[in-house]
Structures are given as structure tokens and as C-alpha cells.
Protein chains: 2
Amino acid sequence: MKKPLILVTNDDGITAPGIRKLIEIMHEIGEVYVIAPDSPQSGMGHAITINNTLHIEEMKLKGGAEKEWACSGTPVDCVKIAIDKILPRRPDLCVSGINHGSNSSINVIYSGTMSAAVEAGIENIPSIGFSLSDFSYHADFHAAKEHIKQIAMQVLENGLPEGTVLNVNIPKASKSELKGIRVCRQARAKWNEEFEQREDPRGRTYYWLTGRFENLDKGDDTDEWALENNYISVVPVQFDLTAYNSLQVLKSWDLE
Amino acid sequence: MKKPLILVTNDDGITAPGIRKLIEIMHEIGEVYVIAPDSPQSGMGHAITINNTLHIEEMKLKGGAEKEWACSGTPVDCVKIAIDKILPRRPDLCVSGINHGSNSSINVIYSGTMSAAVEAGIENIPSIGFSLSDFSYHADFHAAKEHIKQIAMQVLENGLPEGTVLNVNIPKASKSELKGIRVCRQARAKWNEEFEQREDPRGRTYYWLTGRFENLDKGDDTDEWALENNYISVVPVQFDLTAYNSLQVLKSWDLE
């Protein structure tokens, strides 16, 4: 049987330990092409580059994939240009990550890693974003290796329901602490912003975005609950954003 | 009765004709604060600025709002810093736009204008994104004035269902051609990328992102249908991205 073609991308940049680990794992499953940002692109959400040029550069990194390219654009740009200009055929799977830091709950919406996965989903490619709840450069990306492989292989085998991609988050835990996998919904949560005000050497005020994460959801069927309890969370994510439950409410207004 | 406090933002930048028109309309309803990008931020999606500093600058533009600030960041940054650092209290309404170009169907996901509206929604502020299907600088932002006012006032009066913001798209049509408002779902659609390859003066290859929009959805209950038939489309948009219909499918896999 022909090896599946796997597109690997991320938002932390092509040299980040998380993507190098993901490439290593995908090597055991299929033929791997990497098209990832040439610099960190965290928090880029679903941004695309329309007011600037894009560059891609072929690379050969140690322990790397069959084929690798660094791209000057956002994670979503990487997926778009991979499909249009680089891949020899439509990939059988797109995996994004492993992100340095959680993309659970509302973070899915800010995440370049997840937006890349969603972009592949829009292109009807089975797609998964992987994130680890540990920002450290030296985070343990190995503990969840077998689970990552298992999820990827099941997606290759079963496909995914139309209009759905997977948001997989891995708790910061050792292999023995990991309790397994939970299929969950996205927890209701938000960031409470606390911009930090500073002065530059010329006396001009500037700000750094900082914030405090607030989980507003006590349900035990959420991704936040799973992570807190050392489970890997798997949330099916959709890109039809229609709030179907609200359609009737709006139709009852004096609008139409 | 106290005038409602209205936050106005966009992604085309604080001087764009679309936001100037929206400010003018909101003036007839409430007290207007503007915090908008100091430069065009189209296609920024839900990007936030975490690897760079942010600046804000108070401005006084002709026919402007009570208070206006230009911000160096993305549309989502504008909403975050407005809430944390600028507004005297929680706003009663956030409006984003009027965007130069449509944000119907899948465009909602790439749109800085809609992401700003979604960010306000995450903050539990009733919120609306307005877009006009006309990229021209000289587009007619006036034809839909009464409809924009009507929608904003109904949101102020009724509030919005929890976790829902509105994506309002206006067809390119004269006042007499406009047939009214339709509450719709997001059409299933995608962009087919066609990157344009060029060479810079030093012989290096670069690319421009271009594409062809493809509507995959023939339903007459979609935003694309409404716009094609000269209706203003109103789509309730949610930021809980959980694909609830897919939860059972995934639970039947050999994962948990």
C-alpha cells in the first residue's frame, strides 16, 4: 500500500522542538512534507498575507522530513502555498504543532497552529492540531508520542466528519501520569487583559499585551477538565461559525 | 435616559471611508469611542500582538467621534486595549466596519473586522461586524444607512443570545435596489488559491496570494444567496467552535 502523504506545519517556526518531534512521529506513518513559518507566528490566528509578498525556501534540517520548506508568511499561508505550489498531490493528512503551549478552550481562536489545521480542513483535508500545555523550549514532547500516533492513524483510517478538524491538547505530564484520551467540548473561557504600560528611552508610552486566563466552565466534559485531570483532550472543531441556535431568536426580531 | 456607549473599530484603518460612515451613523444612537488600527489590517483574522509592543495615539479627525485613538496593533488588539485602557466603562455595543469588501461565508474566518466583533463578543459585549461587498474606496456606504441603524438599535434593545455576535453583509446596491434584511446561515464556500509567482530585481522568487472564491452551497437560506439577491445578510456567529454533531462519531472511535 502507498504511504500516506502528510503535511506538517506549525506556528512556532520550522526549527521549534515541537514540530521536529511531530515530524519524527509522522515519519513512522507516512511520507512527510514540512512547510512551516521561518519565524515564530504565535497568536496569528487565521491571518493571511495579502498586503505583502511571500517567500519560500527549501531546507534540509537534521533528522528532517523528505522535503522541507520555510515560509515567510503565517501558518495559514503555509498551508495555502503548500497545496498550491509545493505538494506533489493532495495530502492525506495535515498535522499542525506540536504547539508550545495549550490551545484548549478559547485559545483555539487565537492560535496559528489551530488556524493552519482549520485551513487544511476548509480544503477538505483531514487535519489535526496538536498542542502541549508547556511553554518551555525543553518541554517533554515525547510522553504523548504513542497517543499522537494513535490519533493520526485513526484519522487516516476513518477520515473526519465533513467540516470538522481536531484540536488535540496534551497536559504537561509524564508518560506514566497520562491517563489517556478524552473526546470533549471546548470549555467556555476568556482572557482578562492586563496591558502592561512602559516608557521607551524617548519617553513614549507603549504597551505589552498580558492577561489572566479565566475558565468560566465547570463542566467535566470540557477540554479544560480533561487537561486538569491529566487526560489528552480531543475537541472536534468546525469552521461553519453559524450559531444555529440563535437563528430563530433573530428571525423573531423586527428585521426581515 | 443615558446614551449608550458604543465602541467602533475596523480592520481597514481609522481613516477608511467605511469606519467614518459607521461613526457618523453611531453618532445618531449613542456616545461614540473609536479605537481602530493606524494602518490597514485586512486578512488579519483573530491575530493578536504578543511578540511586539503596542502604541496608541489619541486623534481628532474631522467629523469624528467624541474620542478616537489609533492603535499600532491588530483589530483584536484594538478591542482588548480599548476595554482595558481606554473606555470609561464597559461599552453597551461594539460595531466593527464598515468593511471594504464582503465578509460573508468562509470570509468570516479571515476577516479582521469580524474578529474584532468576535473579540468583543468573547468579552460579553453585544457586537456586530458590518461589511459592504464593494472594495472601492469610493463605495456607497450610505445606501444601507437606515438598515445599519436599525440592526444596531435592535441589538441594543434586545441584546444578543449568549456567545453570539452578528455578521452583517451589505450587497453592492443602491438604496432603491436594496430589498431588505435576511437572517441567514454561513454558506459553505472556499477560496481556490492561485499564488502568483514573480521575480524581484535581484532574481529571487516571491509570491502574491491570489485566489478565486467558490460558493459550494446552493441553499437559499445562506448569506451568499441573500447578497446575490440584493438582501442584507445577517448571520449569527459563534465562537464556541465545538462541532457538537461530531462528538458522537469520535466517541465511537477507539480513542478513549
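The model is a predicted one, where local features need pLDDT of at least 70, side-chain atom pairs count only at pLDDT 80 or more, and totals for chains, interfaces and linings use all residues. Residues are numbered from 1 along each chain as its sequence is written, chains are lettered from A and ligands numbered from 1 in the order in which they are written, and side-chain values use heavy atoms, with hydrogens and water left out.

Let's take chain B. It has an open sheet of 9 strands with mixed pairing, in the order β3-β4-β2-β1-β5-β6-β7-β13-β8; two strands pair if DSSP finds at least two bridges between them. At the edges sit β3 (56-59) and β8 (180-183) of chain B, each pairing on one side only. On average, neighbouring strands of this sheet are turned by 25° against each other, direction ignored.

Now look at β7 (164-170) and β13 (231-238) of chain B: they run antiparallel, joined by 6 bridges. Within that pair, B:Leu166 is opposite B:Pro236. And what packs on the sheet there? Helix α6 (244-251) of chain A, touching β7, β8 and β13 of chain B, with its direction at about 135° to β13(B). Touching, or contact, means heavy atoms within 4.5 Å. For the angles, axes are lines fitted to C-alpha atoms, for helices over the stretch in contact, and values run from 0 to 180 degrees between N-to-C directions.

Chain B's own helix α1 (17-27) lies across β1, β2, β4, β5 and β6 of chain B, at about 145° to β5(B).

So, how do the two chains meet? In chain B, 81 residues are in contact with 81 residues of chain A. The chains bury about 7,300 Å² between them, 63% of it on carbon and sulfur atoms; that's accessible area (1.4 Å probe) lost on putting the two parts together, summed over both.

Across this interface there are 6 salt bridges, meaning a side-chain nitrogen of Lys or Arg within 4 Å of a carboxyl oxygen of Asp or Glu. One of them links B:Glu123 to A:Lys190, with the closest N and O atoms 3.2 Å apart. On chain B's side, the residues touching chain A split into 43 nonpolar, 20 polar and 18 charged. In that count, Ala, Val, Leu, Ile, Met, Phe, Trp, Tyr, Cys and Pro are nonpolar, Asp, Glu, Lys and Arg are charged, and the others, including Gly, are polar.

How values were computed. Helices (H or I, at least four residues) and strands (E, at least two) are DSSP runs, numbered from the N terminus.
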